[in-house]
Amino acid sequence: MTLKAPAVELDLDNPPIDPPGGADLVMWSMARELFADHEADHDAPCPSCQMAWPCPGNLLARQGLTVACGGDNTMADYWRGLARIRAREADR
Ligand SMILES: [Zn+2]
């Protein structure tokens, strides 16, 4: 469920590898990686977790991609917190 649309037009069925302009780079790369892990044909189970489309991993990734681009949803706090931790680790 999207509470606030992202600042840019996003094709969440086929998100680009490179982050759109203005996106949170750390969050985008984490969410895009998760998306790649849980990308499946819509009529087949997810090859990673074997769950039916759309699997929880794919849904979580879509939410992360949306938040990375300024959108807001029920998992926004999770993604912002995770991105902060990763960015801090990268600074060390
Ligand atoms: Zn999956």
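Start by selecting Q50, which sits in the loop between α1 and α2. The model is a predicted one. Display the backbone torsions: phi of Q50 is near 65°, a positive value in a residue that is not glycine. Most residues other than glycine have a negative phi, and most peptide bonds are trans. Is Q50 buried or exposed? Q50 has 9 other C-beta atoms within 10 Å, and 12 or fewer count as exposed, so Q50 is exposed.

Next, select W53 and P54. The peptide bond that joins them is cis, with omega at about -15°. P54 is also placed in the loop between α1 and α2, the latter spanning 56-68.

Now select residues 25-37 and 76-91, helices α1 and α3. Their axes lie 9 Å apart and the helices pack at an angle of about 110°, which makes α1 roughly perpendicular to α3. Show side chains at the contact: V26, M27, M30 and A31 come from α1, while W79, L82, A83, R86 and A87 come from α3. Sorted by class, this contact has eight nonpolar residues, one charged and no polar ones.

Finally, zoom out to the whole chain. Three helices and two strands are present, in the order β-α-α-β-α from the N terminus. The radius of gyration is 13 Å, close to the 12 Å given by the globule rule for 92 residues, so the chain is as compact as a globular protein of that length. Along the principal axes, the C-alpha atoms fill a box of roughly 40 × 30 × 25 Å. Colour by burial: 26% of the 92 residues count as buried.

How values were computed:
Residues numbered from 1 in each chain as written. Predicted model: local features only at pLDDT ≥ 70, side-chain atom pairs only at ≥ 80, totals over all residues. Axes fitted to C-alpha atoms, helices over the stretch in contact; angles between N-to-C directions. Helix = DSSP H or I, 4+ residues; strand = E, 2+ residues; numbered from the N terminus. Parallel < 35°, antiparallel > 145°, perpendicular 65-115°, else oblique. Contact = placed C-beta atoms within 7 Å. Nonpolar A, V, L, I, M, F, W, Y, C, P; charged D, E, K, R; others polar. Buried ≥ 20, exposed ≤ 12 C-beta atoms within 10 Å, placed from the backbone. Rg over C-alpha atoms; globule rule 2.2 N^0.38 Å.
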